[in-house]
Structures are given as structure tokens and as C-alpha cells.
Amino acid sequence: MDAVAQMLAHRSIRSYRPDPVPEKLLEEILNAATRASTSGNMQTYSIIVTRDAARRRALHAMHYEQEMILEAPLLLTFVADWRRMSRWCRLSEAEPGYDNFLSFLVAFADALIAAQNAALAAETRGLGICYMGTTICATEKLIEFFELPTGVFPATTLVLGYPDEEPELRDRLPLASIVHEERFVDLDDAGIRETYRERETEGWKRYQDFPELAERMRESGVRNLAQVYTTLKYTKEGNEAISAEILAMLKRQGFLG
Ligand SMILES: Cc1cc2nc3c(=O)[nH]c(=O)nc-3n(C[C@H](O)[C@H](O)[C@H](O)COP(=O)(O)O)c2cc1C
């Protein structure tokens, strides 16, 4: 498959065979990750490989017990990393000015871009991947677990392995609601309704297929998909609590002055 066909065929994989990923293949994927565009060619990120079963069990707990972490043979944790660059600067009598929020954003973006290169390389070679958004919800635990020093911060995690499922392609919002010509166009209410029309029915149906979620939906009395998002999946209270932890950890890791 060419690169675009591969992107168009992407689906996240959540069920894996236990077969290990050959070392040569992993090296190729890691090389592809580091060929990604990177701000100032500074490569302000690092990639932590986890294979060890006991350590994967520990990560499983930190990542809200997502089963695929136990099944897949490999996890790649991408971290924003100014430490390596800052130490090089100091060794060269150059004073680094990277203990600030801008630098954090630069490194975080670098880490995500490298992760997406790794994801595409892995998929091109027949592996499955799934991102773990829980990485930024467990920053304190991950910082301790990986012994991340000042200047280093968790960005994202990829689960990698041979797929044990062939899920359907997931829907996307209509291109016209995503792409704007020259200026941002704020849709009117009818446009917003139209944008989410298919998802409202398909997404609702899909969530009903997950027994645990369907039960929670019944118990909480949610009436539509948007309410699933705001009251069950991504709540204001949850988001605020995690935001507070991230801010505290950014301070501890030296990115907020
Ligand atoms: C930053 C990020 C974090 C994600 N975190 C999770 C996660 O924690 N668990 C999960 O099952 N899927 C996770 N996903 C996968 C998304 O749910 C998935 O990409 C989306 O539902 C679209 O499905 P598709 O990738 O199969 O097209 C994440 C994706 C991204 C980009």
C-alpha cells in the first residue's frame, strides 16, 4: 500500500496476538519515528520501549486498566525531552532557556509527530497500533515509573503488536465541516446538527454494544451521544482534576518557571 492508502485504511487495534515484534522491525519503526519533522532539528523527545511483562502489568494499572496493554508485546512511550539538549548546551557553555511553557509545547508537538511516524511505519509493516490518551491522565505515576528527570514529560503512548481483530473503519466528520477556506467559518446551529447527524445515531448504537457502557448510560439517564461525552466519558470535573495534576507536574518537571 502507498502511504496515503495506508492512512485511509487506518483503524485503531485493541486486540492483539502475543507474537513478539522482531527487533529489526522495531528498529525500522524507531528510525522512521526519528525521521519525522522536528522543531529546529532539535529532536526534543525520547522514546521509551517497554517489553517486560511485569512492567507492562504496572503500566496497565496506570493506563486505566486498558486490556490491550497486557495483550500487546510492546509499548512505546513518547516523552517531551529538553534534558538531553539542555545538558549539551551547558557542556558547551551555552545557557539553555527551555524551562518554560513554550519549550514544553515545542517538545510535546515533536513527540506527537514522531509518534505518528512510528504509528504509520508500524501499520505499513502489518502491525496494529493504538494510542493511549491515558498517558496525560497519569503523568505523576508515569514520571515516577520511568524515573523522568527535570525537563522530561510524558506525551503519548503507542501500543504495538500483531492485530487479533479487523475492526470496521470508524466514521469521520464530513470534510466540509473540518476544512475552512481562507477564514474560519463558525457553523450555524443547523450546520452543527448536520455535521454530527450521522454520528449521533451510529455512535449511540456503537456505545450500546459495550455492555458496561450501555449499563452506565441507562443508569445515568443520558439521552443522546453528546451527553455520553459530557457526563460519562469526558466530564468537566474529571478534566479539571487532571488539568490540575498536569499543571502541578509541569511545575515539578521545570516547565513553568
Ligand atoms: C491522542 C489519542 C489518544 C487516544 N487514546 C485512546 C485510549 O486511551 N484508548 C483507546 O482505546 N483508544 C484511544 N485512542 C484511539 C481513538 O479512540 C481512535 O483513534 C478514534 O476512536 C478513531 O478510531 P480509529 O483510530 O480506529 O479511526 C486515542 C487516539 C489518540 C489520537
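**Close-up views of a predicted model**

**View A. The largest nonpolar core of the chain.** This core has 43 residues, and those with the most contacts inside it are Val79, Ala80, Ala111, Ala118, Ile129, Val159 and Leu160. A nonpolar core is here a set of buried Ala, Val, Leu, Ile, Met, Phe, Trp, Tyr and Cys residues joined through C-beta atoms within 7 Å, where a residue is buried if 20 or more other C-beta atoms lie within 10 Å of its own, exposed if 12 or fewer, and partly exposed in between, with C-beta atoms placed from the backbone. At least two residues of the core are supplied by each of helix 2 (23-34), helix 3 (53-62), helix 4 (68-71), strand 2, helix 6 (101-124), strand 3 and strand 4 (152-161), and the largest share, 11 residues, comes from helix 6. Helices (H or I, at least four residues) and strands (E, at least two) are DSSP runs, numbered from the N terminus. The model is predicted: local features need pLDDT of at least 70 and side-chain atom pairs count only at pLDDT 80 or more, while totals for chains, interfaces and linings use all residues. Residues are numbered from 1 along each chain as its sequence is written.

**View B. The surroundings of alanine 118.** Leaving aside residues up to four places away in sequence, alanine 118 touches Ile29, Leu30, Ala32, Ala33, Leu76 and Leu158, a contact being two C-beta atoms, placed from the backbone, within 7 Å.

**View C. Strand 3 and its partner, strand 4.** The two strands run antiparallel and are joined by 5 bridges, pairing being assigned if DSSP finds at least two bridges between strands. Tyrosine 131 has leucine 158 of strand 4 as its bridge partner. Strand 3 is mostly covered, with 4 of its 5 residues buried.

**View D. The shell around the ligand.** The ligand is surrounded by His10, Arg11, Ser12, Arg14, Gln66, Cys130, Tyr131, Met132, Gly133, Thr134, Thr156 and Arg170, each with its C-beta atom, placed from the backbone, within 6 Å of the ligand. Strand 3 (residues 128-132) gives the most to this shell, with 3 residues.

**View E. Helix 10 and glutamine 208.** Helix 10 is hardly covered, the count of buried residues among its 10 residues being 1, and just after this helix glycine 221 takes a positive phi of about 75°. Glutamine 208, in helix 9 (residues 189-208), is exposed because 12 other C-beta atoms lie within 10 Å. Glutamine 208 and arginine 218 are 10 residues apart in sequence and 9.7 Å apart in space, C-alpha to C-alpha.
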